[in-house]
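Please keep the sequence and the structure in view while reading.

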Amino acid sequence: MSTTLNTPTVSTDKLDYAPGSTVQITSSEFTSGSTIQYTITWEDVFGNDYINTWWVTDGAAGDPFDGTIDTTWIVPFSALDSTLTLTALEDTDGDGLFEEGELSATTMFTDKAQANLDQWGNGKAPDAATA
């Protein structure tokens with residue numbers, strides 16, 4: 001008899017976010033009851049590196065005990081116009097490093113600057129002679 005292990009996944013509800021918005025994160029196929037370390041890294045427009053890490057235990061705070069965890073993260077203004085990398089790590093020994101036998105999953109999302117450059121979106125431009 002053989003056992004098939006599923007590959008863990010981590011995903012976000014959108015691919016792009018504005019600063020201050022909430023990222024809905026779902027990880028699945030991790031060991032039921034395990035503690036998952038979430039890490040988000042990015043580089044700002046000035047070349048500064050950022051890292052944000054937190055832990056969530058499957059089955060805690062009303063979450064079902066099933067290997068799937070939902071969590072959230074608020075996008076800081078320092079992430080504007082950045083590509084962010086999200087890693088979920090089942091850190092069984094608590095050292096914060098991925099090692100053989102530990103499960104992990106990674107995804108990327110962005111916080112791209114968005115602007116409406118339609119200067120006359122509210123109507124026709126004023127005539128210089130009548131303005």
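Strands are DSSP runs of E with at least two residues, and helices are runs of H or I with at least four residues; both are numbered from the N terminus. Two strands are said to pair if DSSP finds at least two bridges between them. The model is predicted, so local features need pLDDT of at least 70 and side-chain atom pairs count only at pLDDT 80 or more, whereas totals for chains, interfaces and linings use all residues. Residues are numbered from 1 along each chain as its sequence is written, and side-chain values use heavy atoms, with hydrogens and water left out.

## Strand pairing

Strand S3 has pairing partners that include S4 and S6. With S4 (residues 49-57), strand S3 pairs in the antiparallel sense over 9 bridges. Within this pairing, Ile 36 has Val 56 in S4 as its bridge partner. S3 and S4 form a hairpin with 5 residues between them, and Gly 47 in the turn has a positive phi of about 90°. The pairing of S3 with S6 is also antiparallel and comprises 6 bridges; here Thr 41 is bridged to Thr 85 in S6.

Most residues other than glycine have a negative phi. Which residue in the loop between strand S2 (22-28) and strand S3 (35-43) is of interest here? It is Glu 29, which has a positive phi of about 70° although it is not a glycine. Another such residue is Asp 81, with a positive phi of about 65°, in the loop between strand S5 (69-74) and strand S6 (82-90).

Glu 29 is partly exposed because its relative accessibility is 37%. Asp 81 is likewise partly exposed, because its relative accessible area is 38%.

## Aromatic pairs

Rings of Phe, Tyr and Trp (its six-membered ring) pair if their centres lie within 6.5 Å; planes under 30 degrees apart count as stacked, over 60 as edge-to-face and the rest as tilted. A search of the whole structure finds 5 aromatic pairs. Two of them are listed below.

| Pair | Centre to centre | Angle between planes | Class |
|---|---|---|---|
| Trp 42 and Tyr 50 | 5.2 Å | 5° | stacked |
| Trp 73 and Phe 109 | 6.4 Å | 70° | edge-to-face |

Trp 73 is buried because its relative accessible area is 7%, and Phe 109 is buried at 2%. Tyr 17, Trp 42, Tyr 50, Trp 73 and Phe 109 form one aromatic cluster.

## The nonpolar core

A nonpolar core is a set of buried Ala, Val, Leu, Ile, Met, Phe, Trp, Tyr and Cys residues joined through side-chain atoms within 4.5 Å. The largest such core has 20 residues, of which Ile 25, Tyr 38, Ile 40, Trp 73 and Phe 109 touch the most other members. S2, S3, S4, S5, S6 and S7 each supply at least two residues of this core, and S3 gives the most, with 4 residues.

Contact means heavy atoms within 4.5 Å. Not counting residues up to four places away in sequence, Trp 73 touches several residues, among them Ile 25, Ile 40, Trp 42, Trp 54, Leu 84 and Phe 109.

Notes
Buried means under 20% relative accessible area, exposed over 50%, partly exposed in between (1.4 Å probe, protein chains only).
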